[in-house]
Amino acid sequence: MTRMVMCRKYNQELPALDRQPFPGAKGEDIFNHISQKAWDEWQKHQTMLINERRLNMMDAADRKFLQGEMDKFFAGEEYAQAEGYVPPSE
């Protein structure tokens, strides 16, 4: 049976992650309060930010920026977008 969580981003009960995305308190918080759907969306957005803004994951400032944007993304706050990106119309 799929584990469910009350997703912080969508404010509804959705299927949870299979395991913590990374160790520590932050990973545990995400595991317990973020759905697989929200995590997958963040992964896509994170990749876009890294590529478009040319972030260097070896740079502590870039990692801190990305961490902050992840927190905003999951909290439903306004978060950084890739400059000039227009989502495809369906």
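Aromatic pairs number 6 in this predicted model. Rings of Phe, Tyr and Trp (its six-membered ring) pair if their centres lie within 6.5 Å; planes under 30 degrees apart are stacked, those over 60 are edge-to-face, and the rest are tilted. Helices (H or I, at least four residues) and strands (E, at least two) are DSSP runs, numbered from the N terminus.

Both partners are buried. Buried means under 20% relative accessible area, exposed means over 50%, and partly exposed lies in between (1.4 Å probe, protein chains only). Trp39 has a relative accessible area of 11%, and Phe74 has 3%. Phe74 also pairs with Phe73: the ring centres are 5.5 Å apart and the planes meet at 75 degrees, so this pair is edge-to-face. Phe73 is buried as well as Phe74. One aromatic cluster takes in Phe22, Trp39, Trp42, Phe73, Phe74 and Tyr79.

Charged side chains also sit over rings. The criterion is NZ of Lys or CZ of Arg within 6 Å of the ring centre and within 35 degrees of the ring normal. Lys9 lies over the face of Phe73, at 4.1 Å from the ring centre. Arg3 lies over the face of Phe31, at 3.8 Å from the ring centre.

Phe31 is part of helix α1 (residues 24–33), where the buried residues are Gly27, Ile30 and Phe31. They cover an arc of only 100 degrees around the axis, so they lie on the same side of α1. The arc is taken from the directions from the helix axis to the C-beta atoms. An α-helix has 3.6 residues a turn, so residues three or four places apart point the same way. The buried residues of α1 pack against β1 (4–7), α2 and α3, with contact meaning heavy atoms within 4.5 Å.

Most residues other than glycine have a negative phi. Asn11 has a positive phi, near 50 degrees. This residue is in the loop between β1 and β2 (12–15), and Asn11 is exposed at 59% relative accessibility. Arg54 also has a positive phi, of about 50 degrees. Arg54 lies in the loop between α2 and α3 and is exposed at 70%.

Residues are numbered from 1 along each chain as its sequence is written. In this predicted model, local features need pLDDT of at least 70, side-chain atom pairs count only at pLDDT 80 or more, totals for chains, interfaces and linings use all residues, and side-chain values use heavy atoms, leaving out hydrogens and water.
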